[in-house]
Amino acid sequence: MARRSVARGAVAVTGIGLVTPAGIGTAENWRRVLSGVPAAARDPELAGLPVDIACRVPGFDPAALLGRSQAWRLDRVSQLALVAADEALADAGLDPTAWDGARVGVVLGNALGGTASYEAAHDAVRDEGPGGVSALVMVNWPINMISGYLATRFRAGGPNLVVATACASGVTAVGTARYLLRSGVCDVVLAGASEAPLSRTPMAAYHRMGALSTRTDDPAAASRPFDADRNGFVAAEAAGVLVLEREADARARGARAHALVTGYGASADGHHPSAPDPTGAGVERALRAALSDADLAPGDIDHVNAHGTSTKLNDLMESQLVERVLTGRPSVTSTKGVTGHALGAAGAIEVAYAALTVENGLVPPTANLDKPDPDIGVDVVAGAPRPQRIGAATSHSFGFGGQNAVLVLESAGSR
Amino acid sequence: MPEMSSSIATTPVFQRITTILDEKFGIPREDVTPDTVLDDIELDSLALIEVGLALQKQLGAQVRTEDLSGSATVADLYELVNTAVGGS
């Protein structure tokens, strides 16, 4: 195992930063997802919409966390990412004032851009005319700005991009970052994703297409992956940032690795704009590609952090995928029961949770799994955290557009 | 110039500017004097358009901050605002 990881250029996760509905900071996030207590609640800013429940980051105060200037200059989607990146770098023990920034890349995922900035500009044009529009809209609405702000804050002068594969964006970002490290283009990559979708327009639109849970009378029970009574996802805001380095580099500087990223696979369904291909052929290609990249057999996977959105179609299709391909009967969890679905950021925070799961040997329970769907036969962890020694795990993300991405994580200590 | 600077610092228009900079733009009052260079309090060209928009909404007069250079001071901003509201 050791020879294989080094030879194939395993990438180490040396820093984690999380800003999610489960809390600000990795320690608080880990406690909350292990508790299985859902974050969804009625959201005053969505009052009057047919679905007015969502998962917000509790107590997020950008002025206190980033300074008063960043509080008004930046859209929330960038603020979330900056706070997560601050934590990830501190966790990795890296000092941006001391590094060669030309060798540091930033790859983030995002789906919707600065939704609040866009909505404010739209309202200003309508109500005040073009002269009422903020001059900062075009440095906040476009999705590329998120990684641009990280480059500015951390003097990260290497390749800098935001990738968009809808709800797979976070995993796509980590997979892309791995390419930059393995090819030698970068020595360090800040990889992850951010999403701040809780504005009225996207929330109304997700509801119109039937994607959101309509359990507005009982928000805490609304996100219930793999449960028989699931009826859609609960939207969330979040950011997750990982510090990634080649394993050999991390080892050379004495850095602690939470886990290793050893495989990545991506594919497209080519089937439908929003519905998953019920045959699962596309997601299976991504999963098998990730296994092949990691040089692992399907039976080697001990654990799955599922996409598990709490929609009827995804959870059934995904459980069938796991049963069909991963022959070692892995434990399965969906942390979305706690966090809700952070769309483009979901993959990033879930890769972080998967890394912590591998590192700690403890699988977080899937919240709200009260009545397992009889058509779902995988081993979903529910009720309480389950201790499990995990050598290898997968983290799945599937996006609208039929875009699929899977990562393989392995224990840093098992080699 | 120091005399002129200190004399404008007590005017209602100057007070209005420092209040907006403090409350909307996170720049503490104590950091703002007439001689403060706008760049030094991180008011770049885009931020100045925002400041102009905020002043315009409060004062009901058009403030064209686009004409300010990078080395402009708060006193220069004051002159723009003062002219816009019809002061001397």
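1. Along its sequence, chain B runs α-α-α-α. The chain has 4 helices and 0 strands. Both kinds of element are DSSP runs, numbered from the N terminus: helices are H or I with at least four residues, strands are E with at least two.

2. A note on the model and its labels. This is a predicted model, in which local features need pLDDT of at least 70, side-chain atom pairs count only at pLDDT 80 or more, and totals for chains, interfaces and linings use all residues. Residues are numbered from 1 along each chain as its sequence is written, while chains are lettered from A and ligands numbered from 1 in the order in which they are written.

3. Overall dimensions of chain B. Its radius of gyration, taken over C-alpha atoms, is 12 Å. That agrees with a compact globule, because 88 residues packed in that way would give a value near 12 Å. The globule rule is 2.2 Å times the number of residues to the power 0.38. Along the principal axes, the C-alpha atoms of chain B fill a box of roughly 30 × 30 × 25 Å.

4. Of the 88 residues, 25% are buried. A residue is buried if 20 or more other C-beta atoms lie within 10 Å of its own, exposed if 12 or fewer, and partly exposed in between; the C-beta atoms are placed from the backbone. Two residues are in contact if their C-beta atoms, also placed from the backbone, lie within 7 Å. Take the contacts in chain B with a separation of 6 or more: 60% of them join residues 24 or more positions apart.

5. The interface. Here 8 residues of chain B are in contact with 9 residues of chain A. On the chain B side, helix 2 (12–25) and helix 3 (45–59) are the elements that give two or more residues. Helix 3 of chain B supplies the largest share, 4 residues. By class, this side has 4 nonpolar, 1 polar and 3 charged residues. Nonpolar covers Ala, Val, Leu, Ile, Met, Phe, Trp, Tyr, Cys and Pro; charged covers Asp, Glu, Lys and Arg; the others, Gly among them, are polar.

6. Ala166(A) deserves a look. This residue is not a glycine, yet its phi is positive, about 50 degrees. Ala166(A) sits in the loop between strand 6 (160–163) and helix 8 (169–182) of chain A. It counts as buried because it has 21 C-beta neighbours inside 10 Å.

7. Asp295(A) also needs a check. Its phi is positive too, about 60 degrees, although it is not a glycine. The loop between helix 11 (281–294) and strand 10 (303–305) of chain A holds Asp295(A). With 15 other C-beta atoms within 10 Å, Asp295(A) is partly exposed.
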